[in-house]
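Trainee: I have a model open and would like to go through it piece by piece. Can we start with a single residue and work outwards?

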Amino acid sequence: MSYDPTSHLLLTPDDADAPNRVARLRELGIGETPVPEFDDFARKLANITGAPYAMVNFIDEERQYFAGLYAPGSDQAVELGPSGQAGGQSAGVGRVMARDHGYCPHVVVRRKALVLEDVCDYPRFAGNPVVDEIGIRSYLGAPLIDRTGMSLGTVCVVDQEPRPWGRQGLETIKTMAADLVDQIHRREQAHS
């Protein structure tokens, strides 16, 4: 992990597994284009957790890619823009986000779920660009660890309001991550 000596805040963690992850994602044929089943999964995740935004996120050396994306008021994936406005890619974050934005890179490197009921309560996470640029105030995410032991990415939900995710939220996101890993393995078997 690296630290900014001027602010003493935790920056995006070092990710030594990124090259191997990229190879595994290519092998699986995921992580570079939207996957309708992952959009459906994100919608289901949002409905189960009551969160307005849900993502299936794959991470490489430089970026994060939301192969599954869901936002409120839509039966389809839409883009999350500044101040929560739904809109096109020009409105803000689309399916691609820099690796130093958000909390999923921490989940992938730590290989553990992360619950941030109010990101502003955590100085090391409160300064993340998604707080000011998109207005993210709460995060709940879990790693997608496949049969090879590789952490491929995450499933996560976010809100622009603090959320009391609690133990139930933690258990839900972990269960949903395991379900998606099973789905990824079924896709792999179907394509082999």
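Trainee: Where is Thr49 placed?
Mentor: Thr49 lies in helix H2, which covers residues 36–49. Helices (H or I, at least four residues) and strands (E, at least two) are DSSP runs, numbered from the N terminus. This is a predicted model, where local features need pLDDT of at least 70, side-chain atom pairs count only at pLDDT 80 or more, and totals for chains, interfaces and linings use all residues. Residues are numbered from 1 along each chain as its sequence is written, and side-chain values use heavy atoms, with hydrogens and water left out.

Trainee: Is Thr49 buried or exposed?
Mentor: Thr49 counts as buried, because its relative accessibility is 16%. Buried means under 20% relative accessible area, exposed over 50%, and partly exposed in between (1.4 Å probe, protein chains only).

Trainee: What does Thr49 touch?
Mentor: Leaving out residues up to four places away in sequence, Thr49 touches Val157, Arg163, Trp165 and Thr172. A contact means heavy atoms within 4.5 Å.

Trainee: Which residues of H2 are buried?
Mentor: The buried ones in H2 are Phe38, Asp39, Phe41, Ala42, Leu45, Ala46 and Thr49. They sit on the same side of H2, because they cover an arc of only 160° around the axis. The arc is that of the directions from the helix axis to the C-beta atoms. Pro36 and Asn47, on the other side of H2, are exposed.

Trainee: What do the buried residues of H2 pack against?
Mentor: They pack against strands E1 (53–59), E2 (63–70) and E8 (151–159), and against helix H6 (166–191).

Trainee: And what follows H2?
Mentor: Gly50 does, with a positive phi near 75°.

Trainee: New topic. How many disulfides are there?
Mentor: Zero, in a search of the whole structure. A disulfide is a pair of cysteine sulfur atoms within 2.5 Å.

Trainee: How many residues of E8 are buried?
Mentor: Nine of the nine, so E8 is largely enclosed by the rest of the structure.

Trainee: Which residue is the bridge partner of Met55 in E8?
Mentor: Cys156 is the bridge partner of Met55. E1 and E8 pair in the antiparallel sense, over six bridges. Two strands pair if DSSP finds at least two bridges between them.

Trainee: How many bridges join E7 to E8?
Mentor: Eight bridges join them, with E7 (residues 138–145) and E8 running antiparallel. Leu140 stands opposite Val157 in E8. The hairpin of E7 and E8 has five residues between the strands, and Gly149 there takes a positive phi near 90°.

Trainee: In what order do the strands of the sheet come?
Mentor: The order is E5-E2-E1-E8-E7-E6, six strands in an open sheet with antiparallel pairing. E5 (96–98) and E6 stand at the edges with a single partner strand each, so one side of each has no neighbour in the sheet. From one strand to the next, the twist averages 25°. Axes are lines fitted to C-alpha atoms, for helices over the stretch in contact, and angles run from 0 to 180 degrees between N-to-C directions.

Trainee: Which strands does H1 touch?
Mentor: Helix H1 (residues 18–28) packs on the sheet and touches E1 and E8, and its direction makes about 90° with that of E8. H6 also packs on the sheet, touching E1, E6, E7 and E8, and its direction makes about 35° with that of E7.

Trainee: Which residues of H1 are buried?
Mentor: In H1, Ala18, Arg21, Val22, Arg24, Leu25 and Leu28 are buried. They lie on the same side of H1, because their arc around the axis is only 165°. Arg26 and Glu27 are exposed on the other side of H1.

Trainee: Last one: where is Arg111 found?
Mentor: Arg111 is in the loop between helix H3 (104–110) and strand E6 (114–116). Its phi is positive, near 65°, in a residue other than glycine. Arg111 counts as partly exposed, at 37% relative accessibility.
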